[in-house]
Amino acid sequence: MSDRTAATPETARRAPRSATRELLGLHTREFVRDHRNSLPALILPLGMGALFLSVAEAVPDTDGAPTFGQMIVPILLLLTVTGAPLTGTSGPLAALRVQGSLRLLGTTPVGRARLLLTHMPVRLGLVLAQLTVLITASTLLGHVVPADLPALFGTSLLGLLMFGAAGYLIGGVMRGIDSAVHTALFVQMASFLLCFMFLPMGMLPDSLQSVVGHLPPGFLADLFLSPNPGWERLHPTWLSVLVVLGTAVVLTALAVRFFRWDQSGRG
C-alpha cells in the first residue's frame, strides 16, 4: 500500500506529459493521412513558388522599378502563411468533431488549450520548412537582399500567427468539414484581395484605400512590401507589428473560448 501511495505523485506528473505525447502523435498521423488537406497545403506554396520564381528569371528588369521577382516573393509568402494555417487546420479540426473524436477527448482532462497546442506543431513545422525553402531560393536568385531576411522571416511568422489563429477559430466553431474548409478559403481569398498585392493601392478608389489600408491584412501587406524599393509605407513598422500581433492574440482567445467539442455545440 505504501509503495502504491509513493508512486502516485510520480504517476500524476507523468500523466500530462504522456497525454501530450499521445496527442502530438495522433495529430501528426491525422495530418499525414489526410491527403485532402495536407497535400494541397504541402504542394501548392512550393509548386507556385517554383513556377513564379522561374517566370521571374525570364522577365527582364526595369530600371527604377521593383523587379517581377521582388513583387512576387511577398505574394508567395502570403500564400504560404494562409495555406496550412487556414485550410490545413480548420478542415481537419472539424473532421475530428464530425467523427466524434473531439467529443471523446472532451470527457478527459485534456482541455481546449492543450488540444489546440498539440494540434499545431506538425503544421507549424511544415510552414516553417516552406518559408525557409522559398526565402532561401529567392535570396539565391537575387530577388531578396540578405539584409531583408530578418524582416521577411519576422513578417511571415506574424502572418502565420494571425492566420493560424483564424484557422483554429474556424475549425473550432464550424460543425461541418466542408463549411470549415469553404470558410477558410473565403478568408484566404478575401485576405489576398484586401492586402493590395494583386490590385496595387493606386488602382483603388481613395475611400477604399483608406479602409483596406487599416485592416489587419493591409498592415501585414505593408510589412511584406516595405523592403521593396519605391514602396511608401502606409504605417510605422511598430504599429503594423502591433496590429497583426494583437489580431493574432484576439483570434487565439476567441478560438479557445468558443471551441466546440461536439456537433451539439457544447463548449
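Does Gln188 count as buried or exposed, and at what relative accessibility? At 7% relative accessibility, Gln188 counts as buried, where buried denotes under 20% relative accessible area, exposed over 50% and partly exposed the range in between (1.4 Å probe, protein chains only).

The structure is a predicted model, in which local features need pLDDT of at least 70 and side-chain atom pairs count only at pLDDT 80 or more, whereas totals for chains, interfaces and linings use all residues. Residues are numbered from 1 along each chain as its sequence is written, and side-chain values use heavy atoms, with hydrogens and water left out.

Gln188 is located in helix α9 (residues 177-194); helices are DSSP runs of H or I with at least four residues, numbered from the N terminus. Its side chain forms a polar contact of 3.0 Å with that of Thr82, the term denoting a pair of N or O atoms within 3.5 Å, of which, within protein, one must be able to donate a hydrogen and the other to accept it; residues adjacent in sequence count only if both atoms are side-chain atoms. Beyond four places in sequence, Gln188 touches Leu79, Thr82, Gly83, Leu86 and Thr87 (contact: heavy atoms within 4.5 Å).

Two arginines lie over phenylalanine rings: Arg97 over the face of Phe259, at 5.8 Å from the ring centre, and Arg257 over that of Phe258, at 5.1 Å. The criterion requires CZ of Arg, or NZ of Lys, within 6 Å of the ring centre and within 35 degrees of the ring normal.

The mean pLDDT of the chain (predictor's confidence in each residue, from 0 to 100) is 81, and 85% of the residues score at least 70.

How values were computed. Helix = DSSP H or I, 4+ residues; strand = E, 2+ residues; numbered from the N terminus.
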